[in-house]
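I opened my notebook to look up charged pairs and nonpolar cores in this structure. Here is what I wrote down, entry by entry.

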Amino acid sequence: MTSPSTPATWLGGLDGCRLARVLEARRDAACPPEPLSVGELADRLQRPGSVALALPRLALPHLQVAEALAALGAPAPPDALAELLGAADEDTTRDLDAVLEALADHALVWPDGGGRLHMAGPLRQAWDAPLGLDAPLEELLTGTTSDELRGMLATLGVKPPSSKAQRLAALVDHHSAPERIRSAVAEAPAATRKLLEDRAGAGTDGPVPLIGFGGVGPDPEPDARWALERGFLIQDRYGPARMPAEVTLALRGPDWHAPFQPVPPSAGWTPVGPREVDHEASAAASAFAAGAASVLSACSTTPPARLKSGGIGARELARLGKAAQADDAVVRLTLETAYAAGLLARDGDQVAPTEAYDAWAEREPPEQFAVLLQAWWNLSLTPTQARDEDGKALPALAGAPPCGGCAQARHGLLAAAARFPAGHGVRVTADLGPLIVWHRPLADSSPDGPPFAAVIGEAEVLGVLARGALSAIGIHLRTGDTEALDVECRRLLPPATATARIGADLTAVVTGPPSTRLTSLLSSVANRETSGTASVWRFSAGSVRRALDAGRSPEDITADLAAVATGPLPQPLTYLIADTARGHGRVRLAPAACVLHGDEPALLAELAAHRGLAELGLRRLAPTVLISRSPLDTTLAALRAEGYAPVAETGEGTVRIERTPPRRATAPVPAPRGPRARRGRIAVTSTARESAAFDPGRLAARLLAAPPTTPEPAPFDGGEPYATDTEEIVASSAKLLPYTDVRQLAHAIDAGRAITVEYVAASGNRTVRTLSSLTLDPPFLEAWCHLRDAERVFTLARIHGVMPV
């Protein structure tokens with residue numbers, strides 16, 4: 001027996017049906033319990049759905065106590081539970097009482113009037129073998145015959161009573177003394193003794209299973225007869241041999257106790273002040289808010305495309321990261337939280353911003369950050385987990401099934417951080433992994449690397465963790481106080497900056513998060529280079545030309561930049577705008593399907609003003625030049641329909657000659673048939689008579705009146721024997737060919753004629769080949785392949801059809 005090494009092992013044994021029938025948890029396990037009356041408790045036990053809610057929220061000692069109680073078989077006295085857990089000193093006893101009170105607060109465990117502890121049935125069913133213990137001996141002996149019981153007692157040296165019930169009681173009484181079991185096993189053969197100790201988990205270096213979800217192991221057939229004859233193993237009629245719980249506990253020894261860890265593991269602490277935590281949390285949250293705004297702005301400009309399998313792939317994530325100057329973690333975190341908050345939605349094969357994004361973009365950065373932070377807290381996945389357990393890259397927004405363990409990992413992280421010593425944080429954030437395991441054993445850890453590394457990294461990116469301690473944002477996020485959380489976000493995140501410092505080096509620097517209007521203005525006329533605590537835009541001739549192409553005038557650009565600048569615009573920028581505007585639009589391009597030109601300006605002016613030609617979309621470029629939006633032939637036909645006499649030109653400028661060639665039939669005249677085809681007029685007359693003789697109507701009537709006939713069966717179907725030996729040899733190898741194709745191929749081989757075959761190569765490619773110089777070498781056919789222009793060897797079984805050349 002080995003201990004589960006990760007919380008995922010324990011979680012894998014949970015059955016949703018088992019966890020769906022207990023009351024809803026009211027408070028966190030650390031909150032002081034409130035006494036419940038028997039009536040209230042009975043009423044709450046009838047409500048469905050709460051083990052699935054309460055069990056994942058329990059800390060490690062709560063699950064350990066619940067498993068120990070399940071192993072004892074509730075109802076059980078508290079003393080027996082304390083003895084099993086090894087709670088002998090005052091501190092451990094006090095911790096055990098606190099755990100029992102927390103379980104009672106969730107109505108999972110409660111005492112009766114006699115002080116015995118009961119537990120909810122669905123919670124007991126969560127373990128197939130709690131603490132690695134099987135059922136008690138009396139339960140395993142159900143179905144055992146009286147003679148089998150007599151044989152076990154006789155082998156143990158106990159005089160068998162007369163009745164079956166007495167024999168059963170005697171065997172149970174014998175196994176209730178651990179000393180007798182250990183003494184008997186000490187005299188067993190070495191192989192049997194090792195087998196029993198391994199099954200019991202005794203004598204091994206590894207710990208006993210912490211939470212024994214699962215079975216009791218394979219059937220120990222070798223060396224098990226000695227134990228089966230004495231009742232130390234009970235043969236199951238439908239499965240492997242099983243070890244009674246009494247035998248397991250006896251072999252583990254008097255010093256063995258069920259695991260009970262009421263105190264969380266220690267971590268390396270370092271002093272940290274509130275100002276330091278606030279400063280780092282403010283910097284992290286501000287950087288993420290600015291990066292998220294840039295990522296969503298890039299999505300608004302060019303929505304990312306979805307993969308055929310769903311989600312946004314690595315290429316689109318890299319494009320968004322480059323456009324927003326953000327790393328992959330920020331891009332993934334922004335996309336998942338924005339999608340959960342309704343700021344993004346699927347739009348066909350893309351993911352585009354919604355109308356809610358427009359309202360979000362107009363809000364201040366603290367309010368924007370609070371929306372994404374709340375979405376992260378309620379996410380049922382780990383956004384920054386970029387690879388699965390097999391190392392395969394995971395797309396973002398893939399629509400994966402909800403993961404309750406991912407949310408519990410987040411909650412366990414904040415629950416652990418909330419219990420740090422005052423004024424201290426962890427020296428190394430990797431130390432938070434074991435703490436999360438203690439607070440949320442059923443949480444979902446990282447597939448590889450340090451446990452919960454992705455969740456811890458997300459908390460640091462969002463400013464929830466700062467300097468190894470829980471920030472004010474994290475405190476209010478954990479308690480669910482949205483009003484206080486909004487206040488802390490406004491305190492830690494600076495308001496949006498509406499001004500920029502524009503320097504002579506053609507850069508615009510914005511300290512803090514820029515406002516939406518400022519971001520839109522600078523991005524329209526400059527290229528963004530960096531983002532975060534300070535954002536930098538750089539002006540260039542290309543970026544200014546982009547603004548001019550969008551319809552902005554140079555005067556408007558200069559006025560808008562002067563309105564947001566902290567000082568006068570530098571001279572290099574005004575020169576850049578003026579120089580770019582001076583050359584902008586000197587050459588103009590107009591769409592046109594064809595051009596009309598002539599020597600008479602009055603005539604072209606008349607065409608441009610003609611109402612009947614309005615659909616052509618004529619526009620005057622010069623006194624003697626018009627352009628038309630309609631194709632040349634359409635324009636030509638319309639002008640002629642209005643009584644004008646235009647001519648068309650070729651692409652070289654020459655007049656196009658419009659001469660329609662006479663139409664002639666392209667089908668060849670069929671050659672005359674029959675021996676008299678060389679006799680001219682007589683052959684024609686004879687052919688006409690033959691055509692008249694074979695009237696299609698009379699031929700159809702003759703075919704319909706003919707009696708139905710069936711083809712003669714092939715030789716391999718019981719018909720006449722093969723005509724030649726070649727046919728028989730070909731048919732024995734080319735089993736996919738019908739008899740008619742076999743005859744054609746055999747005749748070509750015997751007559752030395754060419755033949756066309758349909759051949760399927762070993763790769764599966766199907767080709768049609770013409771073969772000559774055929775030589776039969778069963779099961780092969782050697783021939784000259786006209787397709788490859790070389791001699792080839794063909795397998796007869798791969799020939800699927802035969803046609804004459």
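This is a predicted model: local features need pLDDT of at least 70, side-chain atom pairs count only at pLDDT 80 or more; totals for chains, interfaces and linings use all residues.

**Entry 1**

I looked up E90 and found it exposed, at 62% relative accessibility (buried means under 20% relative accessible area, exposed over 50%, partly exposed in between, with a 1.4 Å probe and protein chains only).

Next I checked which side chain E90 meets: R94 joins it in a salt bridge, at 3.4 Å from N to O (a side-chain nitrogen of Lys or Arg within 4 Å of a carboxyl oxygen of Asp or Glu). Both residues sit in helix α6 (residues 90–105), four residues apart, about one turn of the helix. For helices I used DSSP runs of H or I with at least four residues, and for strands runs of E with at least two, numbered from the N terminus. R94 is partly exposed, at 45% relative accessibility. I then found D91 linked with E90 and R94 in a network of salt bridges.

**Entry 2: pairs far apart in sequence**

I counted on: the structure holds 18 salt bridges. One of them joins E276 and R467, whose closest N and O atoms are 3.4 Å apart. This pair links distant parts of the chain, 191 residues apart: E276 is in helix α15 (residues 274–301), and R467 is in the loop between β7 (465–466) and β8 (469–470). I noted E276 as partly exposed at 35% and R467 as partly exposed at 38%.

I also looked up D278, which forms a salt bridge with R491, with 3.3 Å between the closest N and O atoms. D278 lies in helix α15 and R491 in helix α24 (residues 482–492), so this pair ties together parts 213 residues apart in sequence.

**Entry 3: the nonpolar cores**

How many residues does the largest nonpolar core have? I found 64, and L335, F369, L373, W376, L413 and V464 have the most contacts inside it (a core is a set of buried Ala, Val, Leu, Ile, Met, Phe, Trp, Tyr and Cys residues joined through side-chain atoms within 4.5 Å). Its largest share, 10 residues, comes from α15.

I followed L373 and saw that it touches L462, V464, I473, L477 and L485, not counting residues up to four places away in sequence (contact means heavy atoms within 4.5 Å).

Definitions and conventions
Residues are numbered from 1 along each chain as its sequence is written. Side-chain values use heavy atoms; hydrogens and water are left out.
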